[in-house]
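Please open the model in a viewer and keep the selection tool at hand.

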Amino acid sequence: MTDTRAPSSIVVHETLPVRVVIGPGARDAVPDEVARLGAQRVLLVVTRSAADAGDRLADALGSRLAARFDRPAAHTPVPVTEEAMRLVTGEGIDGVVALGGGSAVGLAKAVAARTGVPQVAVPTTYAGSEVTPVLGETENGVKTTRRDPALAPGTVVYDPELTVSMSPGLTRTSAVNALAHAVEALWAPDATAVTDGLATESVLGILTALPEVLADPADLGARGRLQSAAWLAGLCLAQTRMGLHHQLAHVLGGAFDLPHAELHTLLLAHVMAYDLPAAPAAAARLDRIAGPDPVAAVAALARAHDGPTTLRDLGVPREGLRGIAERVVAQPYPNPRTPDLESLTALLEAAWRG
Ligand code: NAD
């Protein structure tokens with residue numbers, strides 16, 4: 001019998017084992033979750049903005065708390081991890097809890113990568129790192145990324161009350177950062193029926209809940225819906241290969257040390273305008289969810305940010321744009337449209353001008 005199936009029609013879908021505890025007040029479950037993992041001496045990593053919640057969590061952990069580290073930094077610099085590791089070895093740490101944004105979660109992953117201790121992640125932004133098996137670390141200005149299922153926190157506690165303190169600017173940019181994970185999952189080469197479903201629900205959830213949250217930042221229901229949609233976006237990031245948008249954010253962010261969520265926010269509509277004509281299935285899905293002009297909808301969200309909205313505002317030198325385009329073109333991530341130097345430089349110019 002002749003086999004007429006193309007090898008490329010075989011799809012592999014992998015899901016990481018993770019226990020998720022979610023809902024208002026869920027942070028109170030953290031000590032039980034730590035106990036469930038059998039950890040007796042945990043390191044608590046706390047983002048500075050979550051200092052008060054960190055104090056309460058430290059009290060609640062009681063004798064299981066062995067040490068606390070309050071200085072996680074963006075892009076997980078190795079010297080910062082080494083500082084935390086001195087606590088880990090000195091205090092005989094057997095578990096790590098991260099309370100904060102992607103920077104705190106990244107540091108906990110870096111500790112787990114070096115020790116194998118179990119992690120509990122308690123995210124306070126929408127970055128999504130808590131559900132991915134990816135760790136990006138920087139050393140001497142170079143960012144390297146590794147992927148290993150062992151890096152993913154086994155327990156995630158989502159408490160929308162911890163996101164209420166986000167400013168409107170951080171709420172907007174962090175949510176659009178999450179939106180970018182879901183949008184790129186729609187045109188990923190390894191998209192599956194599961195990731196299409198996750199991405200579609202995530203885009204719809206973010207585009208619906210973000211305006212509600214911005215209208216009333218203390219609305220816990222809307223905060224919860226936005227956090228859930230961002231969780232799905234994180235799963236998209238974990239389960240598909242990201243394309244041009246994430247590559248540009250990675251290369252620009254590394255070259256000019258730019259703020260993660262703001263950079264994602266100002267780039268996304270430009271990349272959508274570039275890619276969607278070459279990604280008809282993703283475009284059709286986005287049309288159904290976001291209305292007839294998804295690019296305009298995302299551009300309007302980005303433009304309304306009360307902080308930097310262009311690469312120029314972020315301090316990127318115009319003469320550096322072509323070099324960024326050259327680096328991307330030399331080794332492009334999988335993307336519906338193969339980037340060439342001229343069109344990519346034009347995209348970057350547009351993002352620079354705004
Ligand atoms: P972040 O953790 O650096 O936080 C940004 C700022 O927001 C910080 O000043 C922080 O103190 C503050 N903040 C955090 N939560 C807050 C809250 N609830 N209220 C008020 N302020 C708050 O930034 P981020 O955008 O969450 O994460 C970005 C980092 O995560 C980058 O280093 C990025 O590379 C990494 N990341 C990694 C992955 C992955 O899969 N490995 C995925 C996404 C992001």
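Throughout this tour, two residues are in contact when heavy atoms lie within 4.5 Å. This is a predicted model, in which local features need pLDDT of at least 70 and side-chain atom pairs count only at pLDDT 80 or more, while totals for chains, interfaces and linings use all residues. Residues are numbered from 1 along each chain as its sequence is written, and side-chain values use heavy atoms, with hydrogens and water left out.

**First stop: the two domains**

Colour residues 19-163 as domain 1 and residues 168-353 as domain 2; these bounds come from an automatic or database domain assignment. The contact between them takes 20 residues from domain 1 and 23 residues from domain 2. Their C-alpha centres lie 26 Å apart.

**Second stop: the nonpolar core**

Next, select L248 and L311, the residues with the most contacts inside the largest nonpolar core, which has 67 residues. Such a core is a set of buried Ala, Val, Leu, Ile, Met, Phe, Trp, Tyr and Cys residues joined through side-chain atoms within 4.5 Å. Both domain 1 and domain 2 give residues to this core, so it lies between them. Here buried means under 20% relative accessible area, exposed means over 50%, and partly exposed is in between (1.4 Å probe, protein chains only). In soluble globular proteins, nonpolar side chains tend to be buried together. Stay on L311: leaving aside neighbours within four places in sequence, L311 is in contact with L252, L263, L266, V316, L321, L348, A351 and W352.

Which residues are closest to the ligand? Among the 21 residues that surround it, the closest are T47, S103, T124, T125 and T132; a residue belongs to this shell if one of its heavy atoms lies within 4 Å of the ligand. Helix 4 (residues 102-115) gives the largest share of the shell, three residues. Helices (H or I, at least four residues) and strands (E, at least two) are DSSP runs, numbered from the N terminus.

Now display the polar contacts, pairs of N or O atoms within 3.5 Å; within protein, one atom must be able to donate a hydrogen and the other to accept it, and residues adjacent in sequence count only if both atoms are side-chain atoms. A side-chain N or O atom of S49 is 3.0 Å from an oxygen atom of the ligand. For M166, a backbone N or O atom lies 3.4 Å from a ligand nitrogen atom. A backbone N or O atom of H75 lies 2.8 Å from a ligand oxygen atom.

Remain at H75, in the loop between strand 3 (65-69) and helix 3 (78-91). H75 counts as buried because its relative accessibility is 19%. Although H75 is not a glycine, its phi is positive, about 65°.

Select D257, between helix 8 (244-256) and helix 9 (260-275). D257 also has a positive phi, near 50°, and counts as exposed at 63% relative accessibility.

Move to H305, in the loop between helix 11 (294-303) and helix 12 (321-330). Is H305 buried or exposed? At 8% relative accessibility, H305 counts as buried. Leaving aside neighbours within four places in sequence, H305 is in contact with G169, R172, T173 and E262. H305 and E262 are 43 residues apart in sequence, yet 8.8 Å apart in space, C-alpha to C-alpha.

Finish at N335, in the loop between helix 12 and helix 13 (341-353). A polar atom of the N335 side chain lies 3.1 Å from the backbone nitrogen of L244.
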